[in-house]
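Open the model in your viewer and keep the selection panel at hand.

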Amino acid sequence: MRLLRLLALAALAAQPGVAGGAETVGNSSVGMIEFSVGKFRYFKLNRPFPEEAILRDISSNVTFLIFQIHSQYQNTTVSFSKTVLPSTSGTGTDKGLVFILRPEQSMCFWYLETLDAEPVQNVAIPISYSERDPIPGGCNLEFDLDIDPNIYLEYDFFETTIKFAPANLGYARGTDSPPCDIRTGQDSRWRLQYDVYQYFLPENDLTEEGLLKHLQRMAEVPQVIANAIKVVTLTANDKTTVSFSSLPGQGVIYNVIVWDPFLNTSAAYVPAHTYACSFDTMEGNCSSVGRISTKVFFTLFALLGLFICFFGHRFWKTELFFIGFIFMGFFFYILITRLTPVKYDVRLILTAITGSVGGIFLVAAWWRFGILTLCMLCVGLVLGFLISSLTFFTPLGNLTIFSNDGVFWVTFSCIAVFIPAVFMGCLRILNILTCGFIGSYSVVLAVDSYMYTSLSYITLNVLKRALNTHFRSAFTNVPFQTNDFIILAVWGMLAVSGITLQIRRERGRRHFPPHPYKLWKRERERRVTNILDPSYHIPPLRERLYGRLTQIRELFRKEQPAGERTPLLL
């Protein structure tokens with residue numbers, strides 16, 4: 001039996017590898033998979049057939065190994081023993097174990113299995129470290145494993161949170177591990193630092209092949225540093241918890257590199273990935289992130305926005321309706337979301353109704369009172385809101401000072417108010433700029449309801465912050481890839497075209513239309529006093545309505561027969 005196992009291992013080791021140091025292998029007929037240090041290996045796991053894995057010929061200068069296994073959304077289990085126990089195994093889509101090697105040990109075994117009904121495609125790799133390298137998760141006190149190198153990830157609509165156990169200093173084979181919390185000086189684990197990295201998958205790429213390929217760039221320290229974005233550096237005194245803005249439908253991989261500044265050595269935790277959505281549920285499925293109600297709402301909103309982009313200043317009342325809709329709809333959505341548990345579709349319908357009421361109210365206020373300054377203040381604040389949101393969409397928004405809600409909202413409001421204050425001397429330019437930028441941005445929001453684009457998070461991040469108090473501590477990084485450059489170009493083209501067209505068309509015309517109520521009142525007085533005016537002879541509205549009603553009633557009255565029915569009198 002031992003001879004058969006050795007022959008099987010020799011056959012597996014002889015299989016050719018794929019480019020990039022990854023080896024591909026199918027299900028092993030004898031239930032054993034052989035790995036090589038630093039080499040990725042593809043394989044499938046089936047529920048009835050657990051696999052035994054082996055790593056041979058481990059170098060003597062290696063003191064510990066981290067074995068990690070990844071799948072897209074189906075859970076797999078990696079365990080030290082055939083009997084799966086919480087303290088000796090890990091189950092999930094991104095899991096790993098730390099092997100502390102004994103003196104003279106040159107071989108490791110572990111066990112892999114899945115409880116999923118369907119076969120699970122995996123990629124795995126064992127990574128070796130020396131005694132000078134810190135041990136990820138070596139001072140774990142929170143999770144089940146004694147030494148836990150895993151990153152634990154949770155997400156909701158607002159934020160994605162990662163947690164990990166503190167690391168410990170490395171040590172030689174056969175010696176005791178350094179104590180975790182007895183000393184806090186430079187000779188203890190408190191000197192370690194943690195660099196948190198974020199890596200974005202290509203936008204709208206939900207393929208399993210793409211994920212497993214990109215995970216290979218986030219497993220080892222040099223690849224992580226070369227390919228990912230360092231978001232924050234934590235010290236041993238900080239909480240080992242970091243929050244990010246959730247990006248539903250966008251694949252993101254996170255990893256943490258623990259660095260020993262005294263020895264200038266480092267080690268990587270087991271990377272974790274998320275799409276902030278589910279592959280196996282109907283609601284919030286990754287393949288159909290946008291709801292039908294969202295698509296209908298933002299498509300109609302974009303059609304109105306396009307009209308405003310090119311003709312908003314000429315059709316002043318329509319623009320006022322558009323601005324009032326945005327104003328009232330935005331604040332109403334925040335209010336109803338924070339105070340009630342109403343479902344999303346109902347909230348969106350109520351927001352559309354309330355926004356329409358707000359638009360009608362602003363038009364009615366202009367028609368009756370004609371206060372241009374008040375109307376332009378609303379217009380300027382909407383443009384200021386977009387400019388302020390765009391400011392915090394940059395890396396400026398991730399500064400630590402803005403994690404304080406008071407500082408954030410005061411700064412945000414000052415930028416929003418600054419825009420109309422600057423343009424109060426040239427209201428027509430302010431109005432045309434608002435039409436161009438706000439109207440064209442509505443197209444960006446409509447595109448996001450059909451396919452992912454990072455540009456929608458210019459305003460969505462502000463909405464999240466207003467809805468969720470915990471979002472203030474989240475990093476709001478987003479990818480900026482080919483799709484975003486294309487949509488940014490379209491947004492800029494629409495905005496410039498709309499602004500240029502309206503400036504050229506309005507040259508030589510009145511800046512704004514006259515007060516509608518005064519015009520109506522003057523016209524009414526003229527009709528009353530001018531007998532020669534044909535409109536003077538038009539009956540009042542009440543009589544016209546009564547006459548029209550009489551005509552309608554005549555349509556339903558039975559026609560009388562013609563001829564006489566009584567004899568003529570002589």
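**Before selecting.** This is a predicted model, in which local features need pLDDT of at least 70 and side-chain atom pairs count only at pLDDT 80 or more, while totals for chains, interfaces and linings use all residues. Residues are numbered from 1 along each chain as its sequence is written, and side-chain values use heavy atoms, with hydrogens and water left out.

**Whole chain.** Show the protein chain as a cartoon: 13 helices and 19 strands are present (DSSP runs numbered from the N terminus, H or I of at least four residues for helices, E of at least two for strands). Of the 570 residues, 47% are buried (under 20% relative accessible area with a 1.4 Å probe, protein chains only; over 50% is exposed, and in between is partly exposed). Among contacts (heavy atoms within 4.5 Å) with a separation of 6 or more, 74% join residues 24 or more positions apart.

**Nonpolar cores.** Select Tyr194, Val196, Val242, Phe244 and Tyr269, which touch the most other members of the largest nonpolar core, a set of 94 residues. Such a core consists of buried Ala, Val, Leu, Ile, Met, Phe, Trp, Tyr and Cys residues joined through side-chain atoms within 4.5 Å. Helix H9 (residues 427-448) gives the most to this core, with 10 residues.

Now centre on Phe244. Leaving aside residues up to four places away in sequence, Phe244 touches, among others, Phe158, Ile162, Val196, Tyr254 and Phe475.

**Thr83.** Go to the loop between strand E7 (76-79) and strand E8 (89-92), where Thr83 is placed. Is Thr83 buried or exposed? Thr83 is exposed, because its relative accessible area is 53%.

**Second largest pocket.** Select Thr93, Asp94, Leu153, Tyr155 and His273, the closest to the pocket's centre of its 21 lining residues. E8, strand E9 (94-100), strand E12 (151-155) and strand E19 (272-274) each supply at least two lining residues, and E12 gives the most, with 5. Colour the lining by type to find 10 nonpolar, 7 polar and 4 charged residues (Ala, Val, Leu, Ile, Met, Phe, Trp, Tyr, Cys and Pro count as nonpolar, Asp, Glu, Lys and Arg as charged, the others, Gly among them, as polar).

Methods: On a 1 Å grid over the protein atoms alone, a cavity is a set of points where a 1.4 Å probe fits but cannot get out, and a pocket is an open set with protein on both sides within 12 Å along at least five of seven lines; lining residues have an atom within 4 Å of a point.
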